[in-house]
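Let's take a friendly walk through a protein model together. Have a look at the picture first, and then read on.

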Amino acid sequence: MFEGDRHLEALQALFEAPIPVSVREWLINGTPEVIGGLPLLGLPIGPDLGNAWGATQYLRTCRPELPTRFLVIRLLGERALCVDI
């Protein structure tokens, strides 16, 4: 099993659902991508805000009323850019 696969399994456990193929491929092959001069968050996962898992956990802590299907791919100040899983 590749290291990226283990990170994806952890993300899927966070969402308690499979991550769509297009998002999985982007996470493994496409990050960190830069859009508008800002890097997008992806793998590897960790507890800090510099990756998709840590940022998603942070959003869930700050905004527990939001649906749990959002994967954070960028934090900027008080805003979060998310992919709807």
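Predicted model: local features only at pLDDT ≥ 70, side-chain atom pairs only at ≥ 80, totals over all residues.

Residues are numbered from 1 along each chain as its sequence is written, and side-chain values use heavy atoms, with hydrogens and water left out.

Helices (H or I, at least four residues) and strands (E, at least two) are DSSP runs, numbered from the N terminus, and two strands pair if DSSP finds at least two bridges between them. Strands S3 (residues 70–76) and S4 (residues 79–84) run antiparallel and are joined by 6 bridges. Between the two strands lie 2 residues, and glycine 77 in the turn has a positive phi of about 65°.

Next, the cysteines. A disulfide is a pair of cysteine sulfur atoms within 2.5 Å, and the whole structure has 0 of them. Cysteine 62 is in no disulfide, as its nearest cysteine sulfur, in cysteine 82, is 12 Å away. That distance is too far for a bond.

How open are these residues? Buried means under 20% relative accessible area, exposed over 50%, and partly exposed in between (1.4 Å probe, protein chains only).

| Residue | Relative accessible area | Class |
|---|---|---|
| Cysteine 62 | 42% | partly exposed |
| Cysteine 82 | 27% | partly exposed |
| Glycine 42 | 5% | buried |

Finally, glycine 42 sits in the loop between strand S2 (38–39) and helix H3 (52–62). Glycine 42 and leucine 75 are 33 residues apart in sequence and 12 Å apart in space, C-alpha to C-alpha.
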